[in-house]
Every structure is written in C-alpha cells, then in structure tokens.
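Subject: Structure handover

Hi,

Here is the structure I said I would pass on. Have a look, and then read my notes below.

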Amino acid sequence: MGKRLLIAVDDTESAQRAIRYVGHMAGMIKDLHSVLLHIQPAVSQFVSDAARSDPATREELNRLKSANAYASEALLERYQGKLREIGVTVDRIATVSRPRKAGVAKTILDFGHENRLNAIVAGRRGLSPLKKTFLGSVSADLVEHSTFLPIWIVGSEPPNNRILVPVDGSESALRAVDHLGHMFKGHPDVQFQFFHVIPRMVESCPIDFGSGLERLERVGRRGAHHCIDNFHAKAISLLEAAGLKEQQIDIKVSERMINPGKGIVSEINRGDYRTVVIGRRGMNQSFFAGSVSRYLLSKTDHVTLWLVT
C-alpha cells in the first residue's frame, strides 16, 4: 500500500492551496495517493425532528440533503480535476462526501483513523484586508485534537526540495523524522536540514549570578550537545533505513537565540524553506506542542507545517 493523504476540502482558497501543495508533493513522494474529503453542511436538528411527523417538511429536508450531496460531489470532482491537471493520475485520487453528523474536525479525524491514513492535510484561512493569517476553526481543531495522525497545515507557497526539521532530541522529534523518512522514502533529490536551538542562559536570565551562571551554562550546553548528537545518530539511521543518503542531511545547531521559535523562523527565511516538519511534544511534553508550534503557525503563513504527534 502506498502513502495516503487525507485532504480536507471546502470551497475556499485555502483548500485550493492544499490541493496544489499535494499535487506538487506527488512529484516528490513515491506512490502517493490522495483522499479528498468534503463534509456537507449541517442540517438543523429541529428541522430533522419536525420532518419525522410532517410530510411537507420531510420532503423539503430530503430536497435539501440531495442539493447538499450534489454540490459536495461537484466540488470534489472539481478538485479531482485540479490534481489531474497538475499530473496526478486518476487512480491515485479518491473522493468522499459525508453528511455532517458531529463536529467537522471530529468527522475528519475519525475518518483518518478508521482508514489508517498517513496524514491529514488542511489549509489556513487568511484575513484578506491585512493579509494576516490564522487557522480556521476546523484546522485549529485538527491541530488541537489529533492524538495520532500528523497534521499538515498548508501555507501560501508551493513546496521546494528543501525540508527544515527543527529538533530537540525528544521522542516526538524522532517520530517526526520517521514520518519524514516514510513519506520521502528513496527520493534522491530532497535535502533535509536538522536544526536545533540551544537558548543561552546568560541571555535569558536578567539576574547577575556572576561566574556561577556561566558554569551552569557550560554544563547545560555540553549536555544539550551530547543529547542532540545521540539524537542525530538515531535520526540519520532512520532516514538511511528509508533509502535516503547521508549526503542529503545537514545538521545545524544555534546557541544564540533566546526564543527557539524566532531562531527557527530566521532559519526558514534564510534558507528559503517551504516545508517544515516538527514534533508536537518536546522534551517536557509540551515545548513544541505549545509555544514553538503556535509561534510558527502565526509567523510563517507562507510555509507548510507538518505537525507530528
């Protein structure tokens, strides 16, 4: 079985960007299959209750459901056509339309779990007057509530062959590398940049403790380097097992940034990265899932983030 992505779509520009991103990725990820999922609009429970006893209401309700299903199928057919225009063959595209019964995000997550898909792809929503970006409610719920499936939040720029992988030596970061290796298995032209930020204590602590703080920083820095060296050895082993070459992997450590998120954003802009793969649980089980992920989501609207649990 090939790699399978679940693309959550609706009639928005952000969904179109998600489709284009996956279409470009299909040229980089071998044997990639896409499942396009559209959740139909909800029907009022009051209307459904009334339809049980009122034939006229029931007839109107059935007409509404048929119209929703027709519009949903037409939307999915249009997006299937866009993927085919990019070069994805029809045998690698499936479409699914589902009536909304629970929350949209829950329906998407349940479908992804039940069908053992590799990741869920969703777009961001833009505030056009100021060109600011925020997560729509569905995308935000997917990020918040996914406990197993990676979530890809698509930015405005198409992907290139340079992938940034911020790491902190945690098991979650290692799972992100494993996901990366699985998706790009055997691809010779993708370049991976591991990036680790070690905040400096002397910059982040406003109190002068004299030489004692400097000694603590040296000890902490040695420990951090030892941890990340061990991590890199494991991570490179995972990627090599996936048929990738050590020459495709670069490692960079920064010790000068107080805020890891700012360091990552600077590296994204410096290296023109369009895809960033990051674990959602850091060394303390909340680091990347909290401040860093939120910071990246708010500061990198052009970048696609793969958030791996």
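Before anything else, when I say contact, I mean heavy atoms within 4.5 Å. This is a predicted model, where local features need pLDDT of at least 70 and side-chain atom pairs count only at pLDDT 80 or more, while totals for chains, interfaces and linings use all residues. Numbering starts from 1 along each chain as its sequence is written, and side-chain values use heavy atoms, with hydrogens and water left out.

Overall picture first. The protein has 10 helices and 12 strands, taken from DSSP runs (helices are H or I, at least four residues; strands are E, at least two) and numbered from the N terminus. Of its 309 residues, 46% count as buried; buried is under 20% relative accessible area, exposed is over 50%, and partly exposed is in between (1.4 Å probe, protein chains only). Among contacts with a separation of 6 or more, 81% are between residues 24 or more positions apart.

Now the sheet. It is open, built from 10 strands in the order β3-β2-β1-β4-β7-β12-β11-β8-β9-β10, with mixed pairing (two strands pair if DSSP finds at least two bridges between them). β3 and β10 (249–254) are at the edges with a single partner strand each, so one side of each has no neighbour in the sheet. Within the sheet, β4 (residues 119–123) and β7 (residues 151–154) run parallel and are joined by four bridges; one of the pairs is isoleucine 120 with isoleucine 151 in β7.

Next, helix α3 (residues 55–86). Its 32 residues reach 47 Å from the first C-alpha to the last, close to the 46 Å expected, where the expected span is 1.5 Å times one less than the number of residues. The buried residues of α3 include Leu61, Asn68, Leu75 and Tyr79. Their cover includes α1 (13–25), β2 (32–39), α2 (45–51) and β3 (93–98). Just after α3, glycine 87 takes a positive phi of about 125°.

What does proline 41 contact, leaving aside neighbours within four places in sequence? Asn68 and Arg100. Asn68 is one of the buried residues of α3. As for arginine 100, it is 59 residues from proline 41 along the chain, yet their C-alpha atoms are separated by 6.2 Å. Proline 41 itself is partly exposed, with a relative accessible area of 47%.

Cheers
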